[in-house]
Amino acid sequence: MASRADKKAQARAERIEFERKVAEAARRKQRLARLAGIVVAAVVVIVAAIVISSNNKASAPVKPTSKAATADTARVDALLSGIPQSGNNVLGKPTAPITVTEFGDLECSACDDFALPSTVNTSAGVPGSGVEDQLIDTYVRTGKAQLIYRSLDTATGNGATPGMFPTQQAAALAAGLQQKAWQYIELFYNEQGAEGSTYVDQNYLDGLAKQIPGLNYTKWLSDLQNDSSLTAQVSADGNAARVAGYSSTPTVVVKGPKGQAQAIQGVPTWPQLQAAIKSVS
């Protein structure tokens, strides 16, 4: 029987490859027909069929009270310590000249790959690309760039619990009302279960919130349950992504004094992301 790490690695690899193909198809259709809405609808159907058929075995995520979860919390704290947060989704100095926006789905295994470090030192048990860590250390911590998280439904909507998407994404934004959105986002990715499984529920979301040092859990839960602007923001993000023709997660958009670089759909390499930043600096 395949291990949890094997399942996550397989799901991540399959999603990256198929989303690459889907993104290429989408760009061709946009150039020919300029009907982005129709293209995106077709892309979503294709990705849904692929992901559901190839990743239909559930795997339990890490338990939030475990030693592994404690180690994840320490790693995330070290990564983000001392970096300001603003709004409910922005990491880094608001005056930074470069803006890097990640359109993501917290259940997406490719987003997990983008977020996780390149060494196996998280409870996920699978190495990531290390690119987001490099981005944060090299550009965000130094005040050269700010990192913004926006929501785009891909894996969750095509999985076993599609109705959880607005709530899980709003959970991160609710933490952002206390300037801890990125702690929530990073912990979610560090403790992500198998794509397409049923691990995300209110108990799971609560567990992540309770792991974040300094987060007022009572306020977080109240904001999540009562602040309708959070789910409205999630919906608005998705609409903006679709209008722009983005169909894959992560999609990374880099803007700077010289304009906007071509959006990167899928997990960028570090040289690719550096080149995009340099082109708009």
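The axes themselves are lines fitted to C-alpha atoms, for helices over the stretch in contact, and the angles run from 0 to 180 degrees between N-to-C directions. Keep that handy for the helix pairs below.

This is a predicted model, in which local features need pLDDT of at least 70 and side-chain atom pairs count only at pLDDT 80 or more, while totals for chains, interfaces and linings use all residues. Residues are numbered from 1 along each chain as its sequence is written, and side-chain values use heavy atoms, with hydrogens and water left out.

## The overall picture

The protein chain has eleven helices and seven strands; helices (H or I, at least four residues) and strands (E, at least two) are DSSP runs numbered from the N terminus. Of its 281 residues, 55% count as buried. Buried means under 20% relative accessible area, exposed means over 50%, and partly exposed is in between (1.4 Å probe, protein chains only). The accessible surface of the protein chain comes to about 11,700 Å², and carbon and sulfur atoms own 56% of that; the areas come from the Shrake-Rupley method with a 1.4 Å probe, and for residues only the protein chains shown count as cover.

How do contacts run along the chain? Taking contacts (heavy atoms within 4.5 Å) between residues at least 6 apart in sequence, 74% join residues at least 24 apart.

## Helices that meet

Two packed helices are described by the angle between their axes and the distance between the axes.

| Helix pair | Axis distance | Angle |
|---|---|---|
| α8 (residues 202-211) and α9 (residues 217-226) | within 10 Å | roughly 140 degrees |
| α6 (residues 165-176) and α9 | within 9 Å | roughly 135 degrees |
| α6 and α7 | 6 Å | about 145 degrees |

Start with α8 and α9, whose axes cross at roughly 140 degrees and are therefore oblique to each other. Their crossing is right-handed. (A crossing is left-handed if the near helix is turned anticlockwise from the far one by less than a right angle, and right-handed if clockwise.) On the α8 side the contact uses Q202, L205, D206, A209 and K210, and α9 brings Y217, W220, L221 and L224. Sorted by class, these residues are six nonpolar, one polar and two charged. For the classes, Ala, Val, Leu, Ile, Met, Phe, Trp, Tyr, Cys and Pro count as nonpolar, Asp, Glu, Lys and Arg as charged, and the others, Gly among them, as polar.

Now for α6 and α9, with axes crossing at roughly 135 degrees, which makes α6 oblique to α9. This crossing, too, is right-handed. From α6 come T167, A170, A171, A174 and A175, meeting W220, D223 and L224 of α9. That contact has six nonpolar, one polar and one charged residues.

Then there's α6 with α7, packed at about 145 degrees. Here Q168, A171, A172, A175 and G176 of α6 meet A181, Y184, I185 and F188 of α7. The tally is seven nonpolar, two polar and no charged residues.

## A helix on the inside

Helix α5 (residues 131-140) has seven of its ten residues buried, so it is largely enclosed by the rest of the structure. The buried ones are V131, E132, D133, L135, I136, Y139 and V140.

Two of these, V131 and E132, show up among the contacts of F114, along with E102, S129, P250, V252, V267 and P268, leaving aside neighbours within four places in sequence. F114 sits in helix α4 (residues 109-115) and is buried, with a relative accessible area of 1%. Between F114 and P250 there are 136 residues of sequence separation, yet their C-alpha atoms are 7.6 Å apart.

Most residues other than glycine have a negative phi, and most peptide bonds are trans. Which bond is cis? The one from T249 to P250, with omega near -5 degrees. P250 lies in the loop between α10 (228-244) and β5 (251-256).

Q179 isn't a glycine, but has a positive phi of about 60 degrees. Its place is the loop between α6 and α7 (181-190), and at 40% relative accessibility Q179 counts as partly exposed.

Strand β5 also holds G256, which touches P97, I98 and V280, not counting residues up to four places away in sequence. Finally, S281 lies in the segment after α11 (270-280) and is partly exposed at 41% relative accessibility. With the same exclusion of sequence neighbours, S281 touches I98, P257 and K258; its C-alpha is 5.8 Å from that of P257, 24 residues away along the chain.

Methods. Parallel < 35°, antiparallel > 145°, perpendicular 65-115°, else oblique.
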